[in-house]
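Please have the sequence and the model open while I talk.

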Amino acid sequence: MSQQPDMKPLTEEELERKKKKEEKAREKELKKLKALEKAELAKLKAQQGSNVPKKSAKKNAKRDADDENPEDFVDPETPLGEKKRLASQMAKQYSPAAVEKSWYAWWEKSGFFLADASSSKPPFVIVLPPPNVTGALHIGHALTSAIQDTIIRWRRMSGYNALWVPGMDHAGIATQVVVEKKLMRERHLTRHDVGREEFVNEVWKWKTQYGGAILAQQRRMGASLDWSRECFTMDEKRSNAVTEAFCRLYEEDLIYRDLRLVNWDCVLRTAISDIEVDYTDIKERTLLKVPGYQKPVEFGVLTSFAYPLEGELGEIVVATTRVETMLGDTAIAIHPEDKRYSHLHGKFAIHPFNGRKLPIICDALLVDPSFGTGAVKITPAHDPNDFEVGKRHNLEFINIFTDDGTINSNGGAEFAGMPRFKAREAVIDALRKKNLYRGAQNNEMRLGLCSRSNDVVEPMIKPQWYVNCSSMAKQALDAAMDDQNRKLEFIPKQYTAEWKRWLENIRDWCISRQLWWGHRIPAWYVTLEDDEMKELGAYNDHWIVARDEEQALAEAKKKFSGKKFEMSQDPDVLDTWFSSGVFPLSVLGWPDDTDDLKAFYPTSVLETGHDILFFWVARMVMLGIKMGGDVPFRKVYLHPMIRDAHGRKMSKSLGNVIDPLEVINGISLEGLQKRLDEGNLDPNELATAKLGQMKDFPNGIAECGADALRFALVSYTAQSDKINLDIQRVVGYRQWCNKLWNAVRFAMSKLPDDYAPPSTINPGTMPFSCQWILSVLNKAISKTVLSLNAYEFSDAATSVYSWWQYQFCDIFIEAIKPYFAGDNLAFSSERKFAQDALWVCLENGLRLLHPFMPFVTEELWQRLPGVKSHTRKESIMICEYPSPIESWTNERVEYEMDIVESTVRSLRSLRAELLAKQKNERLPGFIFCQNDEVAEIIRSCELEILTLASLSSLKVLLSDVDDAPAGCAFENVNENLKVYLKVHGTLNAEAELEKIKNKIDEILKQQEKLKKIMNASGYQEKVPSYIQEENATKLAKLIQEFEFFKKESDRIESEVQQQQQ
């Protein structure tokens, strides 16, 4: 009889430990049994489902459809401004037109967009960049609207006193051109035929009738603007603000009048700003159509001619691309160190047409002796570089053009009255006759064209009003660059360098325009009775700047006391950018000290295109600091510029201009072409544009709705400085709206009408999939808010989209379906938890998505049962924006679901391979685990895997305990997991062995690479120990993987041999 070894009695502590261990094992076993029970139940349900005859299922569906009343799915008519009346049943398909109807008028009438200057909430303010009164909504406006409304809705929901101010710009040149064309088309008259007063009346009539269409179109985009504060740059309050700004700057000697070179448009007969000049690169001799000329005009040619030298010293040859300007030449410049011309220092050339003596001057700044002949003709009144030379050398400035671009008397009797480009030909002929023409050659050049009239811009010397920008530019620069007291931030940051470059090289700003539509310059010219010269502006000290005519008259009487005089206001108007420059102040009531100004200035952010960083943004900052005492906004977000899908600039002549309303409502190709026919393109451009449309939109544009367009545009903002807009991407988001609609429709079918949402949620008591969806929702909320705060709108949109699409729709909704299959009592608690999780996800998810897609989220939110009693809010747009709830985060559950997802993906991949035709057939599955921890996770999630992978059964196998199943195809999930599907019939061993071979080859390559690193000299001494440990672990895993696949290869080959015997 064998003796038992002595058993030591256990201590109290050891007994306690043993007891806990046994309890844990029991819990584990119970959990396993419960999972198995659920899996069996799901299997039974799946079998029952697949056993229902298809014909019978179709009959039942048909019977249900016959019982339906189609009217139950159609929204009743809603009176304008009332809350939308919803159909008793959710429509089976998402329709943007139906969903986006009625909500906006109700939001507006309910006052949801209004901001309150007396509110205790922190302010958040955006001023809408005022669109031109001439404008119709184009895709650039839609991008602005989509981004700004996303920001303002999010801030409003986040507890801010959110104000978004709408306004319109009078757009001086653009509007004048439109009305001039209208006059010519309808009455065959020019503005000069009707006179200034009648013309301005015509513009106001046009503004009343057509202007502001763009703001009405903003409503269709869902823009939640505070319409009670709508303003126009030429309304009384804004006009007073512009006058006040001009007078204050003049009183501080920051506005002055001077004779300088400007960009002159001979068609519009006005100076134009740099932004209104489009440059075209010309490589060689090119003929271009110029307004007012029947024949095309030649550009891209350098013409050489000789000037005779005084004293029979011979000639000096110069070259120019604008030979007609030689009529205004007043000097010839050479380099002081050019030995070829050293004998001509201090000498003169003689003008061949008027005998004017032209001094030969030395100028090292202008002249490059290696270019051309090394001699440069100087026309100070018609060239920017020559203008500077003229000032340096005190030369005569001779203007040879009238305002409409014909040669004036200064050009000589032979050429006077000729249009400038006809004079070009005449001058060449005259030079030939005098044997002074020396030929022409191709010359690469940049030609400036006016963006409004397409006229070739002519540099002209004109008396104009200027703003001295030096001190204001320094303040604007410091606001963005001072690290100790930075008041202005640019997003993206790269534009800070551009801001610095521009403001450090700023020139004084020409603010007068020779137009009739705009803010009349508040300056009056006094002509004294005894003045020798009577023309307006002849004496610079005779100008009086005042806030109105009465004040000007009083000032004039004081200044010219005892003298007789006449007084007339400057006929010029201010540059549109001047009134736009004070817009953030004037919209809030400046110069009056209004409640709005106190509450909302400075504003929070300016959102605009990077193309007007200098022309508008810099001027607002300069004038804001000067007039308002602070920067007009704290942040500047500059969005990319929109191009077409091919990366081309949008242009009417290419036919690629996209009207957002055509994307929202949809339009046929015929409709697109009709729009082109109604425009003002010439026949050649029209043909090109129509071809472009036929290529890009052969079937027109599908109806996408405002929500899909907004979401697409916001998603595009990650693209650097250009967006290549593909309409198909918008169509994709419209299809996603349909998926969202159907997902919510399904979820609603699981929530009874009398469903009461839970007051609190305790995820710890919920089923696995419910815990997981709340945890990943929490992450989506955090990521979205973080991205919105960082102005990374594309990331925010992606975060919301990914949660809805890949987590809520693709996984959660599918995973909980077994809980709702019949009225199984085994799932009664899970069903209730799933309902609560569904409701909480829908309510939070819709609020999360609302700033991006306001219409569909409002409609779906309003349909949620119990939402009003739970939130006590009338609309989703005034609810709180979701914020993360700490107790919802569960990293362990997310880790486990990642394993489940990887497993399901591999099983689905296998199914797709094996069931090419019988896609809905369910197969038995096996999961081969390398360790207990993974096996435990898989066992506890059997129901989810069975459901998501559409399996008929599932068996969990453990390495070193179980053998791999025979007759199965397999897929490698990771080093810890392999999945198998039972194959009907014979396994395609060849394909499986090829798959294994490829995997083994890949493992061997990785092993070799890693061994090479680990065996390198100095590895042990130089590489940190933690990296050495990581590499050792990687190598061990690769060896383990290799062994597994080798084993699998042997197994399959063995099976094949057995089948062959």
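This is a predicted model: local features need pLDDT of at least 70, side-chain atom pairs count only at pLDDT 80 or more; totals for chains, interfaces and linings use all residues.

When I speak of a helix, I mean a DSSP run of type H or I with at least four residues, and helices are numbered from the N terminus.

Let me begin with helix α5, which covers residues 139–157, 19 residues in total. From its first C-alpha to its last it reaches 27 Å, close to the 27 Å expected at 1.5 Å a residue.

As a reminder, two packed helices are described by the angle between their axes and the distance between the axes. For α5 the partner I want to show is helix α25, residues 768–789, and here the axes lie 11 Å apart at an angle of about 120 degrees. Angles from 65 to 115 degrees would count as roughly perpendicular, and α5 and α25 are therefore described as oblique to each other. The crossing of α5 past α25 is left-handed. Which residues make the contact? On the α5 side they are Thr150, Trp154 and Arg155, and on the α25 side they are Val785, Leu788 and Asn789. Sorted by class, the residues of this contact between α5 and α25 comprise three nonpolar, two polar and one charged.

Staying with α25 for a moment, I would point you to Ser769, which lies in that helix. Ser769 has a relative accessible area of 0%, and so it is buried. If we set aside its neighbours within four places in sequence, Ser769 is in contact with Phe812, Ala815, Ile816, Tyr819 and Glu944.

From α14 the contact draws on Tyr495, Glu498, Trp499, Trp502 and Leu503, while α19 contributes Leu613, Phe614, Val617, Ala618 and Val621. In terms of class, the contact of α14 with α19 has nine nonpolar residues, no polar ones and one charged.

Let me turn to the backbone. By way of background, most residues other than glycine have a negative phi, and most peptide bonds are trans. Another cis peptide bond runs from Trp590 to Pro591, with omega near 15 degrees, and Pro591 has its place in the loop between α17 (583–586) and α18 (595–600).

His188 is exposed, with a relative accessible area of 62%. Asp960 also has a positive phi, near 70 degrees, and is a residue other than glycine. Asp960 is found in the loop between β31 (951–958) and β32 (968–974), and at 77% relative accessibility it counts as exposed.

I will finish with two further residues. Pro924 is placed in strand β30, residues 923–929. Is Pro924 buried, exposed or partly exposed? Its relative accessibility is 23%, so Pro924 counts as partly exposed, given that buried means under 20% and exposed over 50%. Apart from its neighbours within four places in sequence, Pro924 is in contact with Ser952, Ser953, Tyr980, Leu981 and Lys982. Pro924 and Phe73 are 851 residues apart along the chain, and their C-alpha atoms are separated by 41 Å.

The other residue is Ser1049, in helix α35, residues 1025–1060. With a relative accessible area of 13%, Ser1049 is buried. Not counting residues up to four places away in sequence, Ser1049 touches Leu993 and Ile996.

How values were computed
Residues are numbered from 1 along each chain as its sequence is written. Side-chain values use heavy atoms; hydrogens and water are left out. Helices (H or I, at least four residues) and strands (E, at least two) are DSSP runs, numbered from the N terminus. The expected span of a helix is 1.5 Å times one less than its number of residues. Axes are lines fitted to C-alpha atoms, for helices over the stretch in contact, and angles run from 0 to 180 degrees between N-to-C directions. Angles under 35 degrees count as roughly parallel, over 145 as roughly antiparallel, 65 to 115 as roughly perpendicular and the rest as oblique. A crossing is left-handed if the near helix is turned anticlockwise from the far one by less than a right angle, and right-handed if clockwise. Contact means heavy atoms within 4.5 Å. Ala, Val, Leu, Ile, Met, Phe, Trp, Tyr, Cys and Pro count as nonpolar, Asp, Glu, Lys and Arg as charged, and the others, Gly among them, as polar. Buried means under 20% relative accessible area, exposed over 50%, partly exposed in between (1.4 Å probe, protein chains only).
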